[in-house]
Amino acid sequence: MKMRWRRPWQKGGEIYYFDAEQAEDTAVCARMLGEMIREISREEGKDGVLVLCIGTDRSTGDSLGPLTGYKLREGCVGRIQIMGTLERPVHAMNLERSMELVRLRYPNHVVVAVDASVGNQDHVGCITLGKGSLRPGLGVCKELEEVGDIFITGIVGGYSSQDPLMLQSVRLSVVMKMADYISKSVFLVEQFLEHAALV
């Protein structure tokens, strides 16, 4: 897959798809993410950004969130807050407590939720970006609360397999490429936000 495309999603919104193999597209992804953040900040009077990285380091397919959080922390983002890393993951067992912490510490932040997902088999390796919340755990039949104002997901497997063990067989190289793509996009967003603050 060598192109981005979009399709209608919920109440006139859209989901944007990006191929993680196309690293040069991170600037386009970052621009769209930055526009979404600015729009929500204006509409809801928010003045910060939190990237909430969801998943566990105990499963390759579900490690996208913690890997992304780790890369962002290692890259020393300044204006953007990070929650969910390899050392301190946010996952099904602590999501409720983590969301209480988000509401307490970051009540005025736009929350960008990052998680692994399942989708069409042809879309494995793609990143999705859209406005709205995501429901962690749906791909493995878990009911967890909706999180985020904006979502970024990496498609790690196809809908056809509802087996949680499928996540164990996802290639780490696929997850790493998506984590690199997402973290590079977020680094660019931070630069955009810093530039906007100076203007």
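The following legends describe close-up views of a predicted model.

**View 1. Confidence along the predicted chain.** The mean pLDDT of the chain is 84, and 81% of the residues score at least 70. Among the elements, β3 has the highest mean pLDDT (96), whereas strand β1 (residues 5-9) has the lowest (41). Residues 1-12 have a pLDDT below 50, although this stretch makes 29 contacts in the model beyond near neighbours in sequence. Where pLDDT is low, the predicted coordinates should not be read in detail.

**View 2. The buried side of helix α3.** L95, S98, M99 and V102 are the buried residues of α3. Viewed down the helix axis, these buried residues fall within an arc of 100°, so they line one face of α3. An α-helix has 3.6 residues a turn, so residues three or four places apart point the same way. The packing partners of the buried residues of α3 are β3 (48-53), β4 and β5 (109-119).

**View 3. The opposite face of helix α3.** Turned away from the buried side of α3 is a face that carries the exposed residues E96, R97, L104 and R105.

**View 4. The second largest pocket.** This pocket has a volume of about 350 Å³. Its lining comprises 15 residues, of which M83, G84, R88, L101 and R105 are the closest to the centre. Two or more lining residues come from each of β4 (80-83) and α3 (95-105), and α3 gives the most, with four residues. By residue class, the lining of the second largest pocket divides into six nonpolar, five polar and four charged residues.

Technical notes. Residues numbered from 1 in each chain as written. Predicted model: local features only at pLDDT ≥ 70, side-chain atom pairs only at ≥ 80, totals over all residues. Heavy atoms only, no water. 1 Å grid on protein atoms, 1.4 Å probe; cavity = no way out; pocket = protein on both sides within 12 Å on 5 of 7 lines; lining within 4 Å. Points joined across faces, edges and corners; volume = space filled by probe spheres on them. Nonpolar A, V, L, I, M, F, W, Y, C, P; charged D, E, K, R; others polar. Buried < 20%, exposed > 50% of the residue type's maximum accessible area, 1.4 Å probe, protein only. Arc of directions from axis to C-beta. Contact = heavy atoms within 4.5 Å. pLDDT = per-residue confidence, 0-100.
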